[in-house]
Amino acid sequence: MAQADALRGGHRSIDVSDPGLYQDDIWRPLFAKLRREDPVHFCEASPFGPYWSVTRYDDILEVELDHDNYSSSQELGGIQIADQPKGQEISSFIRMDPPGHTAHRRTVAPIVAPSNLGNLEPLIRARTAKVLDGLPRKETFDWVERVSIELTNMMLATLFDFPFEDRAKLTWWSDVAIANDGSPDAVVHSNEERLAELGKMADYFRGLWDERASAPQAFDLISMLVHSEATRNMPPREFVGTLALLIVGGNDTTRNSMSAGLMAMVENPGQFELVRQRRELIPSLVSEIIRYHTPVLHMRRTARKDVELAGHRIAAGDKVVMWYISGNRDESKIDHADAFVIDRIKPRQHLAFGAGIHRCVGDRLAEQQLRILWEEILQRDLRFEIIGPPKRLYSNFIRGIRALPVRIVN
């Protein structure tokens, strides 16, 4: 009721932190109102405490690039609107500022360097072809389970050199790490339960870690971490947090974009036909899928000191939430921002990967996996029908799609 009243009248009561807005997919009018009337908006009361919503593209970019004034550090609050419970915090390099962030990120960056992406291309293509060729024809199946999850957990297993027969554990741990434990259908129902499951993850990885530590450095994420001076002696909670970050980062953006991309193409048949006729648009299609869906809804910063943003005085210690989902719909920056348009002049002009020092380290790998998926779909001239509504994740952080019933109709 408060959200409806906010749409009719003033904007003081708009709280876009409600996970139900994203599970029910009803977030658009609230952000449109904020962008139009109060683009840097202070919400005085929410389940997560008071916070600033930054909703326009340029303002988000200003915060994102200014790590002198806006901190990602776990000690000041981290990167989500929800604070981690006191005494149960886990850390990772996404929850660090320079110089710690720089050294940790540099450790894992080579695995997604252009030279290695070229090496991975034949493997990704062969796996994608096999998955698509194994799908049933003219009968309903879950696209998330059969395609999005399968392709992403195979990729994660490769990056970690993880036992392939156990790769489903990676999807499970990713779901545990990002779960909102207040949701009735969450995979865990308390932070204690989450930490217990992530402890099992740490135990499993510790065995792999010890094996890699006693062997020459290889080209996988575990070996890179164990042989780096910056990461070889991480405290237990940082060990857990770093593994969880790499699993979630390598899984959720790509997995949910694979599902959302199919939805967008079926819902916009003219765009599907356009890319069938002009295959050179596939890279632009990939960027538009990522912009249009925006799999990471927000990132939070904490003001280090009093600072001004768009005419507002933000006090030291305030939560500043960059709503990527809103910035990617900013009509003042992106023409027809609410429309799915695959032949944009600047297709990579979006905020879905963040920007600056915290830009997603695996952005090019995510784009590569999506590009190959659509190249192989079009190569087979597959045509799809969505049989029912998607099952969406209850979260204000990840815009997740948990299930999507579809049918191949040709």
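Mentor: Rings of Phe, Tyr and Trp count as a pair if their centres lie within 6.5 Å. Please keep in mind that this is a predicted model. Here Phe160, Phe162, Trp173, Tyr204 and Phe205 form one aromatic cluster.

Trainee: How many aromatic pairs are there by this rule?

Mentor: The count comes to 14 aromatic pairs. One of them joins phenylalanine 162 and tyrosine 204.

Trainee: Why is the pair of phenylalanine 162 and tyrosine 204 called stacked?

Mentor: Planes under 30 degrees apart count as stacked. The two ring planes are at 20 degrees, with the centres 5.0 Å apart, so the pair is stacked.

Trainee: What makes this pair tie together parts that are apart in sequence?

Mentor: Phenylalanine 162 lies in the loop between helix 7 (143-160) and helix 8 (168-178), while tyrosine 204 belongs to helix 9 (residues 191-213), so the pair ties together parts 42 residues apart in sequence.

Trainee: And why is the pair of phenylalanine 162 and phenylalanine 205 called tilted?

Mentor: Stacked needs under 30 degrees and edge-to-face over 60, with the rest called tilted. These planes are at 45 degrees and the centres 5.4 Å apart, so the pair is tilted. It links the loop between helix 7 and helix 8 with helix 9, across 43 residues.

Trainee: Which of these residues are buried or partly exposed, and how do you know?

Mentor: Buried means a relative accessible area under 20%. Phenylalanine 162 has 4%, so phenylalanine 162 is buried. Phenylalanine 205 has 1%, so phenylalanine 205 is buried too. Tyrosine 204 has 23%, and therefore tyrosine 204 is partly exposed.

Trainee: What does phenylalanine 205 touch?

Mentor: Leaving out residues up to four places away in sequence, phenylalanine 205 touches Phe160, Phe162, Leu170, Trp173, Ile222, Phe239, Leu243 and Ile247. In the largest nonpolar core, of 66 residues, Phe160 and Phe205 have the most contacts. Helix 11 (residues 236-267) gives the most to this core, with seven residues. A second, separate core has 41 residues, including Leu135 and Trp374.

Trainee: What makes you say that the charged end of arginine 206 sits over the ring of phenylalanine 239?

Mentor: The distance part of the rule asks for CZ of Arg within 6 Å of the ring centre, and there is an angle limit as well. The charged end of arginine 206 is 4.1 Å from the centre of the phenylalanine 239 ring, and sits over that ring. Likewise, arginine 167 lies over the face of phenylalanine 164, at 4.3 Å from the ring centre.

Trainee: How many disulfides are there?

Mentor: The count is zero disulfides. As for cysteines, cysteine 43 has 2% relative accessibility, so cysteine 43 counts as buried, whereas cysteine 360, at 23%, is partly exposed.

Definitions and conventions
Residues numbered from 1 in each chain as written. Predicted model: local features only at pLDDT ≥ 70, side-chain atom pairs only at ≥ 80, totals over all residues. Heavy atoms only, no water. Phe/Tyr/Trp six-rings, centres within 6.5 Å; stacked < 30°, edge-to-face > 60°. Helix = DSSP H or I, 4+ residues; strand = E, 2+ residues; numbered from the N terminus. Buried < 20%, exposed > 50% of the residue type's maximum accessible area, 1.4 Å probe, protein only. Lys NZ or Arg CZ within 6 Å of the ring centre and 35° of its normal. Disulfide = S-S within 2.5 Å. Core = buried A, V, L, I, M, F, W, Y, C linked by side-chain atoms within 4.5 Å. Contact = heavy atoms within 4.5 Å.
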